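Reader: I have a structure open and would like to go through it step by step. Can we take it in short questions?

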Amino acid sequence: MFDNFPLWPQRASTMAGNVDALYIFLLMVSGLMTLLISVCVVFFAAKFRHRPGVQAEPIEGSTPLELTWSIIPMGVFLVIFSWGAVVFFQERTPPRDATEVYVVAKQWMWKLEHAEGQREINELHVPVGRDVKMIMTSQDAIHSFYVPAFRIKQDVLPGRYTVAWFRATKPGTYHLFCAEYCGTQHSGMIGSVVVMEPAQYEVWMSGGSTGPLSASGEKVFAELGCATCHRPDGQGRGPNLQGLFGKTVQLEDGRTVTADENYIRESILDPGAKVLKGFKPVMPTFQGIVSEEQLNALVAYVKSLSSTRPGNAMAAGSTSPPAKASAQRSQVQ
Ligand SMILES: [Cu+2]
């Protein structure tokens, strides 16, 4: 409709329509209120203008009037609140079987690595119609992953993972911006998301992979000696990591936590922060030893050992069947 005068960025994800609908509603409510108030200002200014011989009479309040102007706005605000909450939780909750991409932001570029192993810089190739979950962290300052056409924007912080997801609906190339001022060349920290037809995407995927991310993770796991303590038979000094991801974990201090990406990350960088019940805090920290990329690979590997992630078992190639993995885990616990 507004091809020559675009008021909105393109809508290229399943979220875009929802976000825009809410935004248009907000604009309409604000517009109507502005109109109503301006009309009243002009009307009352004319009607109650000063005239000779007429004296203004103060009034002492009116219950019906006050109820009206309290209840109607409250209703409108509650509509905005619940509608906003629904959209917010949709944006916040990645679907379980989404394809995963690990994102490392640094001054001043985006480094992306697909769970299948493809690496990219400032470019993200995705298929149309598939859920894509991004697991993001920063090597330095705070950045923000922003794709206007998908209506997603998520801060990317050093020292932890944040997550965003989308499902692209239209093939094409879309802007990727950093939306958080992150230093002198912040404005140059831009890239693109290339949405492809599934067949095209398969062709793209088949080139230039070094193997699944979880497989590189398995290598790092062996190289750093993780495997000596974390053995699949549970005979090492550390717990068996089979089936860990997504589980509720009992800690030594009585707390329980969910083993998500951030938990695995923290277990590697700061093992003392959350010590598993029944174990001694003997695991050394790997802070400063593993790079963000190696960390992502380790996280992907530990996830691939889990039965709760069907999507990843495939990517791992060499993992044991889900049922076996969780049985092993429950033996150790
Ligand atoms: Cu940035």
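Reader: Is the crossing of α6 and α7 left-handed or right-handed?
Author: Keep in mind that this is a predicted model. Look at residues 261-269 for helix α6 and at residues 292-304 for helix α7. The crossing of these two helices is right-handed.

Reader: How many residues in the contact of α6 with α7 are nonpolar?
Author: From α6 come Glu-261, Ile-264, Arg-265 and Ile-268. From α7 come Leu-295, Leu-298, Val-299 and Val-302. Two residues of this contact are charged and none is polar. The nonpolar ones number six.

Reader: Which strand gives the most to the side of domain 1 that touches domain 2?
Author: Domain 1 covers 1-34 + 75-210, and domain 2 covers 213-332. Their contact takes 14 residues from domain 1 and 13 residues from domain 2. On the domain 1 side, β1 (99-106) and β5 (131-138) each supply at least two residues. The one that gives the most, with three residues, is β1.

Reader: How many residues on that side of domain 1 are charged?
Author: Sort the residues of the side that touches domain 2 by type. Five are nonpolar and five are polar. The charged ones number four.

Key
Residues numbered from 1 in each chain as written. Predicted model: local features only at pLDDT ≥ 70, side-chain atom pairs only at ≥ 80, totals over all residues. Domains from an automatic or database assignment. Contact = placed C-beta atoms within 7 Å. Helix = DSSP H or I, 4+ residues; strand = E, 2+ residues; numbered from the N terminus. Nonpolar A, V, L, I, M, F, W, Y, C, P; charged D, E, K, R; others polar. Axes fitted to C-alpha atoms, helices over the stretch in contact; angles between N-to-C directions. Left-handed = near helix turned anticlockwise from the far one by under 90°.
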